[in-house]
Amino acid sequence: MTTLFQTLPQPAYFTRNGACYLGDSLKLLRRLPGDCVDLVVTSPPFALLRQKAYGNRDQEEYVTWLCAFGNEIRRVLRDTGSFVLDLGGAYQRGVPVRSLHQYRVLLKMCDEVGFYLAEEFFWYNPAKLPSPIEWVNKRKLRAKDAVNTLWWFSKSEWPKADVRQVLVPYSERMKTLLRNPEAFYRPKNRPSGHGISSGFGTDNGGAIPSNLLRIPNTESSSSYLRLCKLVGVKPHPARFPAALPEFFIRFLTTEQDLVLDIFAGSNTTGYVAEQLGRKWIALELDASYVAGSALRFMESLSERDVTRMFASFAIGSRNEPVDLSGLPTLFDLAKVERGTW
Ligand SMILES: C[S@@+](CC[C@H](N)C(=O)[O-])C[C@H]1O[C@@H](n2cnc3c(N)ncnc32)[C@H](O)[C@@H]1O
């Protein structure tokens, strides 16, 4: 599979299940047919005030800029499709007052682009460093901001979703109940009026997760980082943890569905989709990030072969896409640091 759609240009590389394209995702999205994507999960460059290595936009401009992608995303999504957008917060310039950009994006995506808000999620990263240093560390005026908003948009009111695919381990209390439901609970009514029936004693294989996803972003020993070091490329500075796209891919798609990341960076999304047997498309503007992301799929190769394959990977100067479809991956989803979802 060199290309999923003939309407797209040559990918930079492709695997068994997907392909990564170098270019402006707005232009590439326009070349995709409508109603073909099941899930878009992505983390855009944020409107942060501190300049980051991957580029920024002024906060007001940012909302308009991002919503232009929303129009195309809505077009390419199937009616049952979802769009999960990871947006961090930010302070306004020079004052300890928050920007409202992620809420403006939410409202514009729904009011003007036509999405529904299926549910809001919050990604709590306990490993997040205090920021901005001025308000949090130096002047001690604000608490540490450790939560990103994740807007789960849908094209219709009834997106495909199955929460049973992302159950979390039962609490100790629930495990005790399941061992001996009769002794633990008598069916009764709570003061709230909600009945507690014997159904609570049924083992469903896990508990329903909440919309607070506690996922540390502490990756320090992955083969991606090891191989970046080996070939001398700078790892992507703003990767999300694999458990984040994994949660939504499991929750909102089934095998063979098509997952798209329009700001792919190091292609965490494509990599997880590959392991889960979903088809995927990754779009990324920066050639060095695209090249580095290919390393994710080379983990089963010897260091010599990685170096050789990477050297032949001069993106932009070659016409043929790099074929990574024969490479087995060693990635073990069971080992992904999940947090508490
Ligand atoms: C926050 S990073 C995504 C990181 C990614 N989730 C990961 O885990 O590696 C955002 C990415 O969007 C890319 N980007 C910005 N504008 C773009 C555009 N118009 N088209 C495609 N990619 C773009 C940036 O180069 C950057 O790599």
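1. Is Cys 20 buried or exposed? At 1% relative accessibility, Cys 20 counts as buried; the term buried applies under 20% relative accessible area, exposed over 50%, and partly exposed in between (1.4 Å probe, protein chains only).

2. Basis of the note. The model is predicted, so that local features need pLDDT of at least 70 and side-chain atom pairs count only at pLDDT 80 or more, while totals for chains, interfaces and linings use all residues. Residues are numbered from 1 along each chain as its sequence is written, and side-chain values use heavy atoms, with hydrogens and water left out.

3. Cysteines. A disulfide is taken as a pair of cysteine sulfur atoms within 2.5 Å, and by this rule the count is zero. For Cys 67, the closest cysteine sulfur is that of Cys 110, at 9.4 Å, which is too far for a bond. Cys 67 is itself buried, with a relative accessible area of 3%.

4. Asp 145. This residue is found in the loop between helix 4 (133-138) and strand 6 (147-154); helices (H or I, at least four residues) and strands (E, at least two) are DSSP runs, numbered from the N terminus. Asp 145 is buried, at a relative accessible area of 19%. Its side chain makes a polar contact of 2.8 Å with the side chain of Arg 98. A polar contact is a pair of N or O atoms within 3.5 Å; within protein, one must be able to donate a hydrogen and the other to accept it, and residues adjacent in sequence count only if both atoms are side-chain atoms. Leaving aside neighbours within four places in sequence, Asp 145 is in contact (heavy atoms within 4.5 Å) with Gly 89, Arg 98 and Lys 128.

5. Backbone features in loops. The peptide bond joining Ser 131 and Pro 132 is cis, with omega about -5°; Pro 132 lies in the loop between strand 5 (116-124) and helix 4. Asp 35, although not a glycine, has a positive phi of about 55°. Asp 35 is placed in the loop between helix 1 (25-30) and strand 3 (37-42) and is partly exposed, at 45% relative accessibility. Lys 140, also not a glycine, has a positive phi of about 55°. The loop between helix 4 and strand 6 holds Lys 140, which is exposed, with a relative accessible area of 63%.

6. Packing of helices 8 and 9. Helix 8 (residues 243-252) and helix 9 (residues 268-275) pack at an angle of about 50°, with their axes 9 Å apart. Axes are lines fitted to C-alpha atoms, for helices over the stretch in contact, and angles run from 0 to 180 degrees between N-to-C directions. The two helices are therefore oblique to each other; under 35 degrees counts as roughly parallel, over 145 as roughly antiparallel, 65 to 115 as roughly perpendicular and the rest as oblique. Their crossing is right-handed, that is, the near helix is turned clockwise from the far one by less than a right angle. Helix 8 contributes Pro 245, Glu 246 and Ile 249 to the contact, and helix 9 contributes Thr 268, Thr 269, Val 272 and Ala 273.

7. Surroundings of helix 9. Seven of the eight residues of helix 9 are buried, among them Gly 270, Tyr 271 and Glu 274. The buried residues of helix 9 pack against strand 2 (18-22), strand 3, helix 8, strand 10 (258-261) and strand 11 (279-284). Gly 277, with a positive phi near 75°, follows helix 9.
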